[in-house]
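Here is a friendly walk through one model, meant to be read with the structure open beside you.

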Amino acid sequence: YFVLVKTLSAEEKFHDAIQIGIEALTLLGNYLPFQLSDKPAIKEEFYRIKGIFESMTDDEFYKIQEMEDRDALAAMSFTSDLLAIAHFINQDQALCLFIYMLQLSLTYGVCKESSFALSICSGLLFNLGDLKAAKLFSHFSLSLLGRLDCKEMLPRVYVSLYPGILATVEPSEKVSEKFLHGYEVGMQTGDIFFALYNARVYCTYRFYCGVSLDVLVRDIEVWKQQATEYKQIWHWNAFSFLRQTVLTLINYSGDTSQQLSDFLSEGIDSLNKNIEDKRHRPATVICSFFSCIAYIFCDYDFARVMVETKWDLEKNLSTKFSFAGHGADNFFDSLISIALARKTKEDKWKKYA
């Protein structure tokens, strides 16, 4: 089952991988504590577990024993890989999976996968606006990463924490270095998917921070080639779209309408395919880039469509696409709202602005 889930994931058959993975857990006697459709029960359990960790001191957390039960360790390892998939394609399933992992950690003790579950929880809390709890869970996640020396979890933890709460307390340069380190460690440990995910976030972060576009496009080319070599189609598509975004700005000229048309033709099919396949997270990322470029080229009507599409897609996510450390996506949303408020005089956009 483990190999089958890995294979389906590599083939980008993510929904099949999740379904078979949950079936496998059930066959192995590891039942999820609630039905995926029982949202009230999921919410109640989430806040119960949150409260338990919030009541802990550093010493109490450090004294949690290491997990030794072989069945629990196997369940954590398997569930961690399912969470890595679900986090990007099905937020409700991801919520169930990391709650399950934290339940096991509280019952049987902590293990390397516990740090990943804690980091995902921190990201969720950050997006819910609970910054104090998000910082606490990030602290527990990183301390566990160091305590257990679980190097193989570092790429997953970094890419979960540093676009969120830790980006608000650390300098942008230091944050970008964390993503680069996450890439390097992922390549060393064989976690190719999360290595390239860190590389992609590193490029996106630097794009929004204003790094030289010529330098950035060279870095993207290198990692795009690596994505090809390792058959990471999802990352290849994302790097391709980011590259096209950067090249559109590099080649900026007076004929903005033609440039925008060329840019859109490159990415609109990808956006529609992600929406059709219910891959809401990558679709929101594409919408963010679309709206950013449309604003720069003064096509406020298309920027409006993309912003509204992104907001609709985010209703399906428990955590939204956000580089909140420098607020770039929110910043462009605000700029677009101001432009539309002035153009349309609609109260809706005045409110957002």
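## Cysteines

At 0% relative accessibility, cysteine 96 counts as buried (buried means under 20% relative accessible area, exposed over 50%, and partly exposed in between, with a 1.4 Å probe and protein chains only). Cysteine 121 is buried too, with a relative accessible area of 1%.

How many disulfides does a search of the whole structure find? The search finds zero, where a disulfide is a pair of cysteine sulfur atoms within 2.5 Å. For cysteine 96, the nearest cysteine sulfur is that of cysteine 121, 13 Å away.

## About the model

This is a predicted model, in which local features need pLDDT of at least 70 and side-chain atom pairs count only at pLDDT 80 or more, while totals for chains, interfaces and linings use all residues. Residues are numbered from 1 along each chain as its sequence is written, and side-chain values use heavy atoms, leaving out hydrogens and water.

Two packed helices are described by the angle between their axes and the distance between the axes. Helices here are DSSP runs (H or I, at least four residues), and strands are runs of E with at least two, numbered from the N terminus. Axes are lines fitted to C-alpha atoms, for helices over the stretch in contact, and angles run from 0 to 180 degrees between N-to-C directions.

Helix α11 (residues 192-209) packs with α12 at an angle of about 165°, their axes 10 Å apart. That makes α11 roughly antiparallel to α12 (angles under 35 degrees count as roughly parallel, over 145 as roughly antiparallel, 65 to 115 as roughly perpendicular and the rest as oblique). Their contact (heavy atoms within 4.5 Å) includes Tyr202 and Phe207 of α11 and Trp223 of α12. By class, it has 11 nonpolar, one polar and two charged residues; Ala, Val, Leu, Ile, Met, Phe, Trp, Tyr, Cys and Pro count as nonpolar, Asp, Glu, Lys and Arg as charged, and the others, Gly among them, as polar.

Next come helix α12 (residues 213-229) and helix α13 (residues 233-250), which pack at an angle of about 160° with axes 9 Å apart. That makes α12 roughly antiparallel to α13. Residues in the contact include Trp223 of α12 and Trp236 and Phe239 of α13. The residues of this contact divide into 13 nonpolar, three polar and four charged.

## Helices α16 and α17

Which way do α16 and α17 lie to each other? The axes of helix α16 (residues 300-314) and helix α17 (residues 328-344) come within 10 Å and cross at roughly 130°, and the two helices are therefore oblique to each other. Among the residues that meet are Arg304 and Trp311 in α16 and Asp333 and Leu340 in α17. This contact has seven nonpolar, two polar and six charged residues.

## A buried aspartate

Aspartate 81 lies in helix α5 (residues 70-89). Is aspartate 81 buried or exposed? With a relative accessible area of 13%, aspartate 81 is buried. Not counting residues up to four places away in sequence, aspartate 81 touches Phe2, Lys6 and Arg156.

## Positive phi in two loops

Aspartate 149 has a phi near 50°, a positive value in a residue other than glycine. Aspartate 149 lies in the loop between α8 (131-147) and α9 (154-161) and counts as exposed at 63% relative accessibility.

Lysine 231 is not a glycine either, yet has a positive phi of about 55°. Lysine 231 sits in the loop between α12 and α13 and is exposed, with a relative accessible area of 64%.
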